[in-house]
Amino acid sequence: MNVATDNLRDPSTLFFQYDKIRRSIIASYWLIIFLALPLWWNTTSIERLPLPSPNVYAQQERELRFPIKIALDPAFGNIAPSVESELRNVVWQTRQGPALDISVGVGNEADSSDDTYVVLPGETDIVLDGRRMKIPKDHIEPSKLAQILSSLIFPYSPKQEHRVAQYSPRFRLAFTLLNEDASAGQTVVGWDILGAIDRHISPITSAVSILHNFTIESQVQFHAPLAFEPTALEDGTFGLTPEDLTIFVNSAEWTLSSSSSNDPVLHFVLFVPSISRRPLSILNNDGTPSTSNAFLIPQWGGIVLCNLPSASDEKWLSNMDLASPFSAFSHQLSTLLGIPKLPPGIKTSPQNSLLTSWQIDALLRHRMHETVRRTKDTLLSTVNLVQQIPNMPVDEKAQNDVQGALVALDAVWDSEGGKKFNLTDMLGNSARALTFSQRAFFHPGMLALLYFPAEHKYAVYTPLFASAVIPLVAAAIRELLAWRRQRRDANRRDG
Amino acid sequence: MHWRPLCLLVLGLFPSFAQTTSPHEQFDEELVVKSFQDGRVASTFTFKTLLTDASPRDPRTLALEDDEPQHYTLFPLTLGQLLRQYAITELHLTLNAGKWKYDSWGYPEAAGVGTGAELYAWLADGAPSSIDERWQGLRNALAGLFCASLGSLDEQRTTSPHLSFPPEGLLPDWDGLQHEIRHASHASEHVCTENLTPFLKLLPCKSLSGLASLLNPHRMFDADWHGIGLHVLWRPEGVEVRLNFQMVSDPLRPSGKKQDWSFRSLYDRSVDRACPVAKTSRTIVTLPDAVYSITPEPSAIESGKALYDLKNKSPNESFDMKLEWGSDFVYPQASLTSPLVPFTVQRKLHGPTQDRGQLALVLKNHEPHAIRVSYLETMPWLLQFYLHTIRIEVDGTRRDDLISNISYVLPVPHSRPATFHCILTLPGHSTVTYTIDVTKAFLMYTEHPPDAQRGWDLPPAVFVLLASSSEEGYTRSMGGVQEGSRVYTPSLLVDLATPDFSMPYNVIIFTCSVVAFIFGSIFNLLTRKFVVVRLDG
């Protein structure tokens with residue numbers, strides 16, 4: 001027995017039982033795991049390309065400034081400095097909208113550049129012609145002149161701004177003739193929409209064609225019930241209280257919306273009340289009928305009530321019938337587009353188009369200020385959102401869109417600082433920046449893995465990883481302990 | 001100084017000239033009510049809007065900026081926008097529920113009665129975007145417009161069967177641009193109130209006046225068979241939009257004995273107000289052969305049909321009509337009645353296994369002479385045909401000569417359906433059996449729909465009766481059934497091999513256990529430390 005035992009070799013002398021070999025086997029397992037980790041990480045992580053966040057934050061600091069050069073005729077030379085200080089004062093007080101760098105100089109029209117506003121002495125009235133203003137020279141005070149200039153250069157008030165539709169390169173104008181109940185009698189069967197648009201709407205759309213393109217559509221509906229009962233008044237007429245106006249549009253029953261594109265729609269509704277509810281008027285807050293029969297829904301469109309005199313059974317609205325509703329529509333359209341009105345007492349020269357350069361410039365500055373602000377906001381939201389949601393993928397398209405928006409914004413800044421100051425080009429760039437930034441924000445690829453639950457990953461990984469990694473960890477710890485014990489023993493032996 | 005009064009005169013005349021409805025658009029509505037042999041009553045509502053002098057959009061103009069204004073009075077604007085955006089020449093959409101029984105009901109007023117959703121469109125090439133891109137856009141836009149799952153009519157269901165679905169109107173000639181058809185059907189799509197509501201909004205009078213006020217969803221969707229259809233086509237007069245609603249109701253269900261009906265009993269409504277803009281508004285009732293009484297008195301009776309004109313209705317009276325029979329209803333003996341259709345079709349899928357089967361058709365020709373029918377299958381790749389196994393038998397003898405003009409577009413698994421088209425000749429007074437072996441596809445795990453155990457609905461086959469030279473008196477004998485009217489078979493349900501959907505997790509757990517076991521053993525073997533234990537020191 002003993003002989004047999006003595007003949008056994010000590011297992012630790014077998015080559016595969018060397019401590020070194022065993023340890024290198026365990027180590028190689030761990031090495032493979034560590035080498036595979038990057039691969040695993042790469043194949044399972046979400047593609048998140050870096051967004052140029054520092055640039056986006058830097059953009060927030062910048063603000064659009066518009067240089068405004070005003071040249072006063074030498075005739076006004078003596079009041080130029082006081083006009084400048086008054087004007088700065090007025091603009092600073094309002095603190096609305098874009099920042100303006102105002103410089104008032106004295107000079108002849110001839111030696112001023114194209115984009116300079118020129119004030120010339122004139123006759124009895126204040127007349128605008130291009131970028132020139134003729135103003136009667138007698139008894140003009142610096143404060144009065146400053147007031148006039150500021151109301152022309154920045155004519156917006158905060159109240160107005162809520163009504164103006166957000167900027168879009170293309171609008172759809174949807175005109176709808178609504179019969180509340182055609183079968184009750186006195187049906188309006190059609191309208192001279194082409195003539196009315198030609199007369200009242202086209203002048204506006206062509207005047208602002210450098211800002212927007214328009215698609216026009218119209219329809220007639222014969223049954224458009226209201227969602228509420230109008231108030232019956234004592235004199236047998238009917239009225240809409242201010243509360244009624246807020247729920248006037250019955251979107252469930254009226255098919256007004258256009259489905260075929262993403263362009264914003266401005267609705268213009270000509271509402272013909274049912275014969276049993278005529279005349280229908282708008283009531284003031286105190287319950288008395290208002291003189292106006294039109295109202296505006298901010299950023300949505302306008303509504304005009306059309307109370308026809310009792311006439312034949314079927315009526316076709318001619319150009320004459322449409323004159324008053326469409327002048328209301330054209331007024332509503334210019335409000336919705338943010339076209340500034342001329343202050344009272346200022347006339348335009350007859351050879352001018354509908355809008356003077358003063359108005360167009362103010363509108364351009366306002367729209368540009370708006371688009372640049374919206375672009376900055378959208379970019380900031382995109383960057384913040386991506387930072388907040390770590391599971392959100394960011395692919396190349398989204399990254400390119402953000403970068404495109406930044407490039408377009410930079411182009412805006414460049415043209416602002418550069419010699420060539422062209423408002424229309426700048427608006428084009430800022431509109432492009434806005435389109436890019438919104439496309440990045442609404443990029444569908446960013447939603448892809450947003451809701452992929454982490455539990456699923458664990459459910460897939462744990463059965464394999466737990467059962468494979470536990471022996472590995474256990475072996476590593478055991479080996480580590482054994483190695484330490486060995487060293488301690490060796491130390492003791494040495495010592 | 002002469003022109004001034006003249007001008008005033010013209011201005012004064014102009015409104016009165018235009019007093020009538022807009023000269024460019026015309027709206028007509030019609031209701032056809034017909035009683036069937038089995039006591040059921042079919043009502044077909046047709047609403048037709050004609051946009052005169054209009055023509056479909058040339059697809060080449062899609063490349064240009066779209067600034068052209070669109071002005072409509074009666075024509076639905078939402079539909080006009082859609083047709084314009086995708087430059088569609090002709091469009092047909094039907095959504096039906098139920099099985100149309102050709103044997104006892106004959107041919108329907110509107111041909112599209114296939115179960116589920118069917119959409120086909122003719123459109124020309126030449127646009128910057130391809131036909132298939134526009135077809136996809138059209139599908140999605142219509143899906144949004146009608147709240148129906150038409151988006152699922154994707155390339156896995158789209159075919160181009162130009163022979164069975166010829167254009168109903170004209171195709172404009174744009175310097176020889178080729179027109180193509182895209183067709184897709186989805187048998188498991190059901191029609192319901194959410195589809196009817198947008199449908200009614202396309203009508204100028206909605207459901208508030210005129211014949212459309214009879215469209216009461218509670219009764220419509222309670223009917224034995226019901227369906228809505230939208231058809232857009234181009235005719236020399238202009239672009240026509242036809243909306244129709246068909247329903248087959250059973251007046252015997254509540255009473256049990258008499259097949260009397262009235263608007264109240266069928267629709268639970270009556271026409272209170274006429275649609276003010278309809279040019280014509282007619283109701284046509286097919287009168288029975290038996291003793292009957294009809295109230296109110298029709299304005300005209302022509303060849304067994306009573307006509308009513310709702311435009312003549314006085315404004316305050318509501319229009320309700322009633323048809324009463326003299327005697328109780330007796331169910332007709334099948335053997336005694338003459339068939340209403342020249343041929344009948346049965347289509348079945350045989351075979352108990354989940355990988356193979358046999359598609360069988362039984363066609364009965366009721367005519368004394370031979371007829372030719374075109375047969376179309378637009379089969380999703382779920383079922384694949386073996387063309388060499390086609391067998392045609394007439395009363396037990398094999399007759400392979402009866403099939404001709406076979407055209408077959410192969411299916412592409414996971415992407416394209418098969419299109420099988422052929423012409424079958426049915427000898428007079430005979431029963432033809434057609435069989436073909438099929439194999440059923442094995443789907444990927446993610447391709448199964450929810451409730452996969454229910455099976456897959458296969459679209460109906462379409463038969464078209466073709467003109468044949470031999471029969472002169474044919475159309476006369478068939479009571480005005482024209483050649484070219486389509487016959488849809490009922491849809492089929494195919495049972496495919498369905499996995500146990502908890503399987504992936506079971507597989508993951510099982511494989512992981514095995515891998516972990518093998519890994520553990522080998523790892524243990526490699527790193528085990530052997531020591532000699534001496535039992536007796």
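Start by selecting chain A and colouring it by burial: 46% of its 495 residues are buried, meaning under 20% relative accessible area with a 1.4 Å probe and protein chains only. This is a predicted model, in which local features need pLDDT of at least 70, side-chain atom pairs count only at pLDDT 80 or more, and totals for chains, interfaces and linings use all residues. Residues are numbered from 1 along each chain as its sequence is written, chains are lettered from A and ligands numbered from 1 in the order in which they are written, and side-chain values use heavy atoms, with hydrogens and water left out.

You will find 13 helices and 16 strands, which are DSSP runs (helices H or I, at least four residues; strands E, at least two). The radius of gyration, 37 Å, is well over the 23 Å that the globule rule gives for 495 residues, so chain A is more spread out than a compact globule. That radius is taken over C-alpha atoms, and the rule is 2.2 Å times the number of residues to the power 0.38. Turn to the C-alpha trace of chain A, and its principal axes span about 135 × 70 × 40 Å.

Next, select chain B. Its cartoon shows 10 helices and 26 strands, and its C-alpha trace spans about 140 × 75 × 50 Å along the principal axes. Colour chain B by burial as well: of 537 residues, 50% count as buried.

Finish with contacts, meaning heavy atoms within 4.5 Å. Among those in chain B between residues at least 6 apart in sequence, 75% join residues at least 24 apart; for chain A, with that cut-off of at least 6, the share is 80%.
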